[in-house]
Amino acid sequence: MITIDNLKEYGANVDEGMARCMGNEALYLRLVTTIPAEANFDKLASSIEARDLDAAFDAAHALKGVTGNLSLTPLYRAVFEITELLRARTDTDYTQLLAEIATLRDKLAQLCTEG
């Protein structure tokens with residue numbers, strides 16, 4: 001089960017994230033556990049694979065919002081980077097960024113299910 005200490009080790013700014021949840025630790029942790037299953041991760045990858053940068057941007061922007069609001073800093077930074085590239089419609093190979101995002105999501109998922 002995920003804990004505040006696990007999230008701190010992950011690199012999340014839990015004080016900031018919990019402040020957005022009005023200090024309600026149970027709410028904050030419950031919201032964090034929903035992130036690994038967020039459908040926009042798959043939408044982001046499939047949209048990039050299909051070269052649909054508009055749909056990819058929409059997915060990335062949504063992920064940026066939820067990861068930013070919960071202050072999941074490592075994941076937020078990677079999602080922020082891909083969001084800005086997609087906003088600019090940068091024609092690049094997104095493979096490495098997608099892999100980094102997937103790794104960070106998987107690490108968060110592992111934290112959510114351990115214990």
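How far is the sulfur of Cys21 from the closest cysteine sulfur? I looked this up in a predicted model. The answer is 14 Å, and the partner in question is Cys112, so the gap is too far for a bond.

**Cysteines.** I searched the whole structure for disulfides and got zero. Coming from the other end, Cys112 is in no disulfide either, with the sulfur of Cys21 as its nearest at 14 Å. A pair would have needed its sulfurs within 2.5 Å. I also checked burial: Cys21 counts as buried at 6% relative accessibility, and Cys112 is buried too, at 16%.

**Helix 7.** What covers the buried residues? I then checked the length: helix 7 has 19 residues (95–113), which at 1.5 Å a residue should span 27 Å, and its end C-alpha atoms are 27 Å apart, so the two agree.

**Leu29.** Next I picked a residue in helix 3, which runs over residues 25–34. Is Leu29 buried or exposed? Leu29 is buried, with a relative accessible area of 12%. Leaving out residues up to four places away in sequence, I see Leu29 touching Ile2, Thr3, Ile4 and Leu7. I also took the C-alpha distance from Leu29 to Ile82: 25 Å in space, for 53 residues in sequence.

Key: Residues are numbered from 1 along each chain as its sequence is written. This is a predicted model: local features need pLDDT of at least 70, side-chain atom pairs count only at pLDDT 80 or more; totals for chains, interfaces and linings use all residues. Side-chain values use heavy atoms; hydrogens and water are left out. Helices (H or I, at least four residues) and strands (E, at least two) are DSSP runs, numbered from the N terminus. Buried means under 20% relative accessible area, exposed over 50%, partly exposed in between (1.4 Å probe, protein chains only). Contact means heavy atoms within 4.5 Å. The expected span of a helix is 1.5 Å times one less than its number of residues.
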